[in-house]
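Please look over the sequence and the 3D structure shown here before reading on. The report that follows describes a few parts of the fold in turn.

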Amino acid sequence: MSGKTSLCWLLHLYQPPTQDLGVLRRINDECYKPLFNMIEKHDNAKISLNINGVLIDMLLEHGMGESVEKLKDLVAENKVEILGTGKYHPILPLIPKKEAYHQIRLNEETTRKVFGNGWKGQGFFPPEMAISSKVAKIVKE
């Protein structure tokens, strides 16, 4: 045994599209910004992150783009891996297959637009960790 221990973090960031703007600003200031700053400061930091496209959109639309820019830098430095998911946090096993595909594609469009070539499209976070054989097949495709 080498004595070296590795730890893999999977973090989940989500706010509903109806989130109060004051609450969103507070969460950004007290959670997201400190988290991204902490990751930036540690050379050996590496995490997988689920951030829905709807949250990215809200941060950009409401003047909190500095958090998205910091996240883009972390992705470019390979410190953060952005996972796929459904854009509006749908419970995928409970919605029609066509809508599940739509939600995943919407999220992919947002993620590609924001992170460009930094997004590799590997890994997937099913909202609320709700999974079924139907969802597994959709994700595999």
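## Helix α3 and what follows

Just after α3, N78 takes a positive phi of about 60 degrees; helices (H or I, at least four residues) and strands (E, at least two) are DSSP runs, numbered from the N terminus. This is a predicted model, in which local features need pLDDT of at least 70 and side-chain atom pairs count only at pLDDT 80 or more, while totals for chains, interfaces and linings use all residues. Residues are numbered from 1 along each chain as its sequence is written, and side-chain values use heavy atoms, with hydrogens and water left out.

Helix α3 itself has 12 residues and reaches 16 Å from its first C-alpha to its last, close to the 16 Å expected at 1.5 Å a residue, where the expected span is 1.5 Å times one less than the number of residues. Its buried residues are G65, S67, V68, L71, L74 and V75, and buried means under 20% relative accessible area, with exposed over 50% and partly exposed in between (1.4 Å probe, protein chains only). What covers these buried residues of α3 includes α1, β2, α2, β3 and α4, as judged by contact, meaning heavy atoms within 4.5 Å.

## The sheet

Three strands form an open sheet in the order β1-β2-β3, and the pairing is parallel; two strands pair if DSSP finds at least two bridges between them. The edge strands are β1 (9-13) and β3, each of which pairs on one side only. Between β1 and β2 there are five bridges in the parallel sense, and the bridge partner of W9 in β2 is I47.

## The nonpolar cores

A nonpolar core is a set of buried Ala, Val, Leu, Ile, Met, Phe, Trp, Tyr and Cys residues joined through side-chain atoms within 4.5 Å. Of the 25 residues in the largest such core, L49, V80 and I82 touch the most other members. At least two residues of this core come from each of α1 (21-41), β2 (47-51), α2 (53-61), α3 (65-76), β3 (80-82) and α4 (97-115), and α1 gives the most, with six residues.

Leaving aside its neighbours within four places in sequence, I82 is in contact with L49, I51, L71, V75, T111, F115, W119 and Q122. A second, separate core of seven residues includes L92, I95, Y101 and V135.

## A buried glutamine

Q103 is found in helix α4 and is buried, with a relative accessible area of 8%. Not counting residues up to four places away in sequence, Q103 touches T85, G86, K87, Y88, P90 and I95.
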